Amino acid sequence: RVVGMAADRATGGYWEVAADGGIFAFDAPFFGSMGGQPLDAPMVGMAPTSSGQGYHLVASDGGIFSFGNAGFDGSMGGQPLDAPMVGMAGS
């Protein structure tokens, strides 16, 4: 089940992220995924880096997963949340 997508400004392509952490790249570079890896909670969204050289995935428990040149600034995975995450946006 696809739960989010993001555009690649460099190529005009896009990425889709599935609830299991799999990434589907369409005319956009593939930097990795969590597909096939055990997750504590399903993915709910993604956001590309401003350079298009990476992306972040977010799980409903607040876990953040970074790929490519996407720096990792922290995660709420394993921390109590008032409500589940439902998506994310880049800055």
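Me: Is Thr49 buried or exposed in this model?

Reply: A residue counts as buried when its relative accessible area is under 20%. In this predicted model, Thr49 has a relative accessible area of 14%, so Thr49 is buried.

Me: Which residues does Thr49 touch, not counting residues up to four places away in sequence?

Reply: Gly54, Tyr55, Asn69 and Ala70 are the residues that Thr49 touches on that count. There is also a side-chain pairing to note: Thr49 and Ser51 are joined by a polar contact of 3.2 Å.

Me: How do I read His56, and is His56 buried or exposed?

Reply: The same cut-off of under 20% for buried applies. His56 has a relative accessible area of 18%, and therefore His56 is buried. Its place is in strand E5.

Me: Which side chain makes a polar contact with that of His56?

Reply: The side chain of Ser66 does, at 2.9 Å. Leaving aside neighbours within four places in sequence, the contacts of His56 include Gly45, Met46 and Ala47. Ile64, Phe65, Ser66, Ala70, Gly71 and Met88 are also among the contacts of His56.

Me: Where is Ile64, and which residues is Ile64 in contact with?

Reply: Ile64 lies in strand E6, which covers residues 64-68. With neighbours within four places in sequence left aside, Ile64 is in contact with His56, Leu57, Val58, Phe72, Gly74, Ser75 and Met88.

Me: How many residues apart in sequence are Ile64 and Thr49, and how many Å apart in space?

Reply: Ile64 and Thr49 are 15 residues apart in sequence, and the C-alpha to C-alpha separation is 14 Å.

Me: What should I look for in backbone angles?

Reply: Most residues other than glycine have a negative phi. Asp27 has a phi near 55°, which is a positive value in a residue other than glycine. Asp27 is found in the loop between E3 and E4.

Me: Is Asp27 buried or exposed?

Reply: Exposed means over 50% relative accessible area. Asp27 has 58%, so Asp27 is exposed.

Me: Which residues make the nonpolar surface patch?

Reply: Val2, Met5, Tyr14, Phe24 and Phe26 make a patch of about 450 Å². Strand E1 (2-7) and strand E3 (23-26) each supply at least two residues of the patch. Val2 lies in strand E1. With 46% relative accessibility, Val2 counts as partly exposed.

Me: How many helices and strands does the protein have?

Reply: The protein has zero helices and six strands. The pattern along the sequence is β-β-β-β-β-β.

Me: How do I read the overall dimensions?

Reply: The radius of gyration can be set against the value for a compact globule. For 91 residues that value would be near 12 Å, and the protein has 12 Å, which agrees. The C-alpha trace spans about 40 × 25 × 20 Å along its principal axes.

Me: What share of the contacts between residues at least 6 apart in sequence joins residues at least 24 apart?

Reply: In this protein the share is 27%.

Methods: Residues numbered from 1 in each chain as written. Predicted model: local features only at pLDDT ≥ 70, side-chain atom pairs only at ≥ 80, totals over all residues. Heavy atoms only, no water. Helix = DSSP H or I, 4+ residues; strand = E, 2+ residues; numbered from the N terminus. Rg over C-alpha atoms; globule rule 2.2 N^0.38 Å. Contact = heavy atoms within 4.5 Å. Patch = residues over 30% accessible without salt bridge, like charges linked within 9 Å, V, L, I, M, F, W, Y side chains within 5 Å. Areas by Shrake-Rupley, 256 points an atom, 1.4 Å probe, with all protein chains shown as cover. Salt bridge = Lys/Arg side-chain N within 4 Å of Asp/Glu carboxyl O. Buried < 20%, exposed > 50% of the residue type's maximum accessible area, 1.4 Å probe, protein only. Polar contact = N/O pair within 3.5 Å; in protein donor to acceptor, adjacent residues only side chain to side chain.
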